[in-house]
Amino acid sequence: MRLSHLGEEALIDRIVAEHLLPTSGPGLIVGVGDDAAVLDAGAPTYTVVTTDMLVEGTHYRLDINTPYQLGWKSVAVNISDIGAMGGFPNWTFVSFAFRGDMDAEFVDDLYHGMTECARRFGSTVVGGDTNAVDAESAISVAQMGCVEPENLIRRTGARPGDRILVTGWLGNSRGGLELLLRYGLDEAARTYAWLVEAHLMPMPRIPEARAAVSTGGLRAMMDLSDGLGADLPKLCKASGVGAVVYADRLPISEDLRGAASVLGKDAVDLSAGGGEDFELLMAVAPDAVGRVIEAVEEATGARVTEIGEITDGRSVEIERDGARKPLKGGWEHFAG
């Protein structure tokens, strides 16, 4: 079976089943199936480890991304995973494969973006690997962090009746990408700079996650890397529940609405189906919703929006204009 027919989630399930990869065990608190692995090395805090790869032509284009932006983003997407587990980052390892005709100054600027992003969120770039390729380049980052046992939060744990909350705005990154692909960097940035920046330089929600976890009201959490339409079903699958999202509650910025009109796109589709927002997706106990919103907003100033609720069953739906249909969209790595 081709990977394009199987899909990323099914491929991961196949690898786990065929090769008996552990989801937990001695020293392993969380294995495959969450935003990051969690290890118990006998220290007061658990060790959190994640890795992510960016591939030229799929995740970035050198005519759109500056090397600084690319460096920032490659580290930011990994730090976001640490936050999604309730933790904080500490050590960053960078590996890349570039063509031999790449300018050394490109790598200088790339690392400038990497080190500034790492420092911004309390981490340090401490090593990695380099290699050469003849075709598309690639950047792989391994990120470590820590989390107190009492603050560890997973995708599992959501219960029927829990409310679904998200930080920030949904769809801004997808809107920025659509504008970049149609108009190029200069024109897109001139008209919708905020959306373009959301795509090129995402901001991990580390302090927001820490504030939310501190309330004790979270049941499950993950970051929105592949989009609400792809990631909410993952959280629901891990928790063995369903969900309904209300389209009229989605936090859609006025910039995204304007861009959607220019692009001939539906703003709700961009919001629910767009990827790389790296906002937090949270399942929250009903009596803790106000507490979580207040804690995040007081600590960081970031908005938090209740967009739906966890349900019985396994269906994940969106309600729009009084009708419900399956929630779809988001990024699929092996789409044909």
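**Rings and helices**

Let's start with Phe 96: its relative accessible area is 12%, so it is buried (under 20% relative accessible area, using a 1.4 Å probe and protein chains only). Phe 98 is buried as well, at 5% relative accessibility. This is a predicted model, where local features need pLDDT of at least 70 and side-chain atom pairs count only at pLDDT 80 or more, while totals for chains, interfaces and linings use all residues. Residues are numbered from 1 along each chain as its sequence is written, and side-chain values use heavy atoms, leaving out hydrogens and water.

Now look at the rings. The whole structure has five aromatic pairs, meaning rings of Phe, Tyr or Trp (its six-membered ring) with centres within 6.5 Å; planes under 30 degrees apart are stacked, over 60 edge-to-face, and the rest tilted. Trp 72 and Phe 121 are edge-to-face, because their centres are 6.5 Å apart and their planes at 70 degrees. Both Trp 72 and Phe 121 are buried. Back at Phe 96, its ring is stacked with that of Phe 98, 4.7 Å centre to centre and with 25 degrees between the planes.

Next come the helices (DSSP runs of H or I, at least four residues, numbered from the N terminus). Helix α5 (residues 172–191) packs with helix α9 (residues 254–263) at about 35 degrees, their axes 10 Å apart. With α6 (residues 193–200), α5 makes an angle of about 115 degrees, and the axes are 8 Å apart. Axes here are lines fitted to C-alpha atoms over the stretch in contact (heavy atoms within 4.5 Å), and angles run from 0 to 180 degrees between N-to-C directions.

Key: Helix = DSSP H or I, 4+ residues; strand = E, 2+ residues; numbered from the N terminus. Buried < 20%, exposed > 50% of the residue type's maximum accessible area, 1.4 Å probe, protein only.
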